[in-house]
Amino acid sequence: MDAWDRLQPDDALIDTIARALVKLKETDEWSRGIGIPYVATFLRGARWRDAEEVDVPEKNQSTKDGWADDEEVL
């Protein structure tokens with residue numbers, strides 16, 4: 001909670017983080033539980049930017065079935 005409070009994200013950053021998490025959780029490493037950072041490390045290190053470098057095959061990318069695309073969340 002402290003890392004989140006220090007970050008003070010606006011709505012755009014919250015959306016970016018949510019979409020990055022959806023993309024990162026589809027990677028082979030994260031699906032096997034490898035290399036997943038602690039939440040505070042993820043936030044303090046701006047690790048959502050890691051998703052920009054990740055290529056997830058098209059067949060695994062969800063378009064409207066992740067919580068980041070849920071209208072109630074957005």
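This is a predicted model: local features need pLDDT of at least 70, side-chain atom pairs count only at pLDDT 80 or more; totals for chains, interfaces and linings use all residues.
Local features are reported at pLDDT of at least 70 and side-chain atom pairs at pLDDT 80 or more, while totals for chains, interfaces and linings use all residues. Residues are numbered from 1 along each chain as its sequence is written, and side-chain values use heavy atoms, without hydrogens and water.

Helix 2 covers residues 11-25; helices here are DSSP runs of H or I with at least four residues, numbered from the N terminus. The expected span of a helix is 1.5 Å times one less than its number of residues. For the 15 residues of helix 2 this gives 21 Å, and the end C-alpha atoms are 21 Å apart, so the two values agree. The buried residues of helix 2 are Leu-13, Ile-17, Ala-18, Ala-20, Val-22 and Leu-24, where buried means under 20% relative accessible area, exposed over 50% and partly exposed in between (1.4 Å probe, protein chains only). These buried residues pack against helix 1 (2-7), helix 3 (28-31) and helix 4 (39-44), a contact being heavy atoms within 4.5 Å.

Thr-27 sits in the loop between helix 2 and helix 3. Thr-27 counts as buried because its relative accessibility is 10%. A polar atom of the Thr-27 side chain lies 3.3 Å from the backbone nitrogen of Trp-30.

Most residues other than glycine have a negative phi. Gln-8, in the loop between helix 1 and helix 2, has a positive phi of about 45°. Ala-46, in the segment after helix 4, also has a positive phi, near 50°. Gln-8 is exposed, with a relative accessible area of 66%, whereas Ala-46 is buried, at 11%.

The structure holds 3 salt bridges, each defined by a side-chain nitrogen of Lys or Arg within 4 Å of a carboxyl oxygen of Asp or Glu. Arg-19 pairs with Asp-15, with the closest N and O atoms 3.1 Å apart. Both residues lie in helix 2, 4 residues apart, about one turn of the helix. Arg-19 is partly exposed at 40% relative accessibility, and Asp-15 is partly exposed at 23%.

Another salt bridge joins Asp-28 and Arg-32, with a closest N to O distance of 3.2 Å. Here Asp-28 is partly exposed at 46%, while Arg-32 is exposed at 52%. Arg-47 and Asp-50 form a salt bridge at 2.6 Å, N to O. Arg-47 is partly exposed, with a relative accessible area of 28%, and Asp-50 is likewise partly exposed at 28%.

Note on methods:
Helices (H or I, at least four residues) and strands (E, at least two) are DSSP runs, numbered from the N terminus. A polar contact is a pair of N or O atoms within 3.5 Å; within protein, one must be able to donate a hydrogen and the other to accept it, and residues adjacent in sequence count only if both atoms are side-chain atoms.
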